[in-house]
Amino acid sequence: IELREHVRIHEDLQQESSRLANRLREQLRRYFAQALELTEDVTESWFLDLLGAVPTPREARRRRRSTVAKILRQHRIRRLNADQVLAVLRKPAVYVAPGTVAAATAHIRMVIERLRVVGRQLRDCKRTLDRLTEELSEGGDGEEGRAGGPRDATILRSFPGIGRIAQATLLAGASRPLRTRDYHALRALLGVAPVTRRSGKRRQVLMRQACAPRLRNVAYHWARVAAQCDPHWHAAYAALRARGHGHARACRSVADRMLKALVAMLRDRTLYDPSRLGQRAAAA
């Protein structure tokens, strides 16, 4: 219950951070659009500190190089130097009506304060998720602890594509089918099991809509990341795309195959071993 609640808290904070980031971009586009060229993630701490020190194009022309260099050094930003940052910030600004800069900067100051609070809460939430999943991995009085071998949380984390949030969401939202090693329940819950409709000679295979939205999202990102970082799942994804499947459908199919492998790992209490997958594919 505690793990599930912190997963929901993290999702709420992530959505709030996205909303505030969009507001910050909107205000900067009014009078200081060139600042957005410095980063794609406007919630980064160094960028918020930079806006606090250089809030307007006028301040950018007056600000010393040492001030910007100090901010970059404090946050260990090496992809940019002070001269590059000032060159971007000192680009010609758009003409705006009197009062626009003052109004926008007042709004931005409030948004920055809220972003700092949300960022701090996000970091605290991630540490809590790490602590809870670590406790689940350390063993205990559960059935998997008595049976020997790695626990479910450890096996999950060993699979490519599963990070902190995916692991916590699966453990919290699919605890029963994971505990019973029910592959068919898992694939239906995560929305990767297709739905077949038949009427006379007509047959349709459609995406499953009846599933848990959070788990569907986890399945998609799990498959997407695994297809990027693991050669075996990348080959499976590429083969599906070559057969004409779209990106989302290929990701669902990869997630379905990964669930089958995961259930086998949980049943045998073994960690992820890519060589065993290669041997199984060769035998097939």
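## Helix α12 against helix α14

In this predicted model, helix α12, which spans residues 213–229, and helix α14, which spans residues 247–268, have axes that come within 8 Å and cross at roughly 90 degrees. Because angles of 65 to 115 degrees count as roughly perpendicular, α12 is described as roughly perpendicular to α14.

From α12 the contact draws on Ala-219, Tyr-220, Trp-222, Ala-223, Arg-224 and Ala-226, while α14 contributes His-247, Cys-251, Val-254, Ala-255, Met-258, Leu-259 and Leu-262. Sorted by class, the residues of this contact comprise 11 nonpolar, 1 polar and 1 charged.

## Helix α12 against helix α13

Helix α12 also packs against helix α13, residues 231–242, at an angle of about 110 degrees and with the two axes 6 Å apart. Here too the arrangement is roughly perpendicular, α12 to α13.

The residues that make this contact are Ala-226, Ala-227 and Cys-229 on the α12 side and Pro-231, Trp-233, His-234 and Tyr-237 on the α13 side. The contact of α12 with α13 has 6 nonpolar residues and 1 polar residue, with no charged residues.

Leu-215 belongs to helix α12 and, with a relative accessibility of 3%, counts as buried. Once residues up to four places away in sequence are set aside, Leu-215 touches Thr-169, Leu-170, Gly-173, Ala-174, Leu-189 and Leu-190. For Leu-190, which is 25 residues from Leu-215 along the chain, the separation of the two C-alpha atoms is 5.0 Å.

His-245 is found in the loop between α13 and α14, and its relative accessible area of 11% places it among buried residues. Apart from neighbours within four places in sequence, His-245 is in contact with Leu-240, Ala-250 and Ser-253.

## Overall form

The protein's secondary structure comes to 15 helices and 2 strands. Its radius of gyration is 24 Å, well over the 19 Å that the globule rule gives for 284 residues, so the protein is more spread out than a compact globule. Taken along the principal axes, the box filled by the C-alpha atoms is roughly 70 × 55 × 35 Å.

Of the 284 residues, 39% are buried, and the protein exposes about 16,400 Å², of which carbon and sulfur atoms supply 49%. Among contacts with a separation of 6 or more, 63% are accounted for by residues 24 or more positions apart.

## Pro-150 and Arg-269

Pro-150 sits in the loop between α7 (143–147) and α8 (152–158), and at a relative accessible area of 24% Pro-150 is partly exposed. Not counting residues up to four places away in sequence, Pro-150 touches Ile-155, Arg-269 and Leu-271. The C-alpha atoms of Pro-150 and Leu-271 are separated by 7.5 Å, although these residues lie 121 residues apart along the chain.

Arg-269, one of the residues touched by Pro-150, is placed in the loop between α14 and α15 (274–283). Arg-269 has a positive phi of about 55 degrees although it is not a glycine, and at 18% relative accessibility Arg-269 counts as buried; the cut-off matters for this assignment, because buried means under 20% relative accessible area.

Arg-76 lies in the loop between α4 (65–74) and α5 (82–89), and its relative accessibility of 67% makes it count as exposed, whereas Arg-269 counts as buried.

Val-205 is part of strand β2, residues 202–206, and at 44% relative accessibility Val-205 counts as partly exposed. With residues up to four places away in sequence left out, Val-205 touches Pro-194, Val-195 and Thr-196. Between Val-205 and Gln-228, which are 23 residues apart along the chain, the C-alpha atoms are separated by 27 Å.

Key. Residues are numbered from 1 along each chain as its sequence is written. This is a predicted model: local features need pLDDT of at least 70, side-chain atom pairs count only at pLDDT 80 or more; totals for chains, interfaces and linings use all residues. Side-chain values use heavy atoms; hydrogens and water are left out. Axes are lines fitted to C-alpha atoms, for helices over the stretch in contact, and angles run from 0 to 180 degrees between N-to-C directions. Helices (H or I, at least four residues) and strands (E, at least two) are DSSP runs, numbered from the N terminus. Angles under 35 degrees count as roughly parallel, over 145 as roughly antiparallel, 65 to 115 as roughly perpendicular and the rest as oblique. Contact means heavy atoms within 4.5 Å. Ala, Val, Leu, Ile, Met, Phe, Trp, Tyr, Cys and Pro count as nonpolar, Asp, Glu, Lys and Arg as charged, and the others, Gly among them, as polar. The radius of gyration is taken over C-alpha atoms; the globule rule is 2.2 Å times the number of residues to the power 0.38. Buried means under 20% relative accessible area, exposed over 50%, partly exposed in between (1.4 Å probe, protein chains only). Accessible areas come from the Shrake-Rupley method with a 1.4 Å probe; for residues, only the protein chains shown count as cover.
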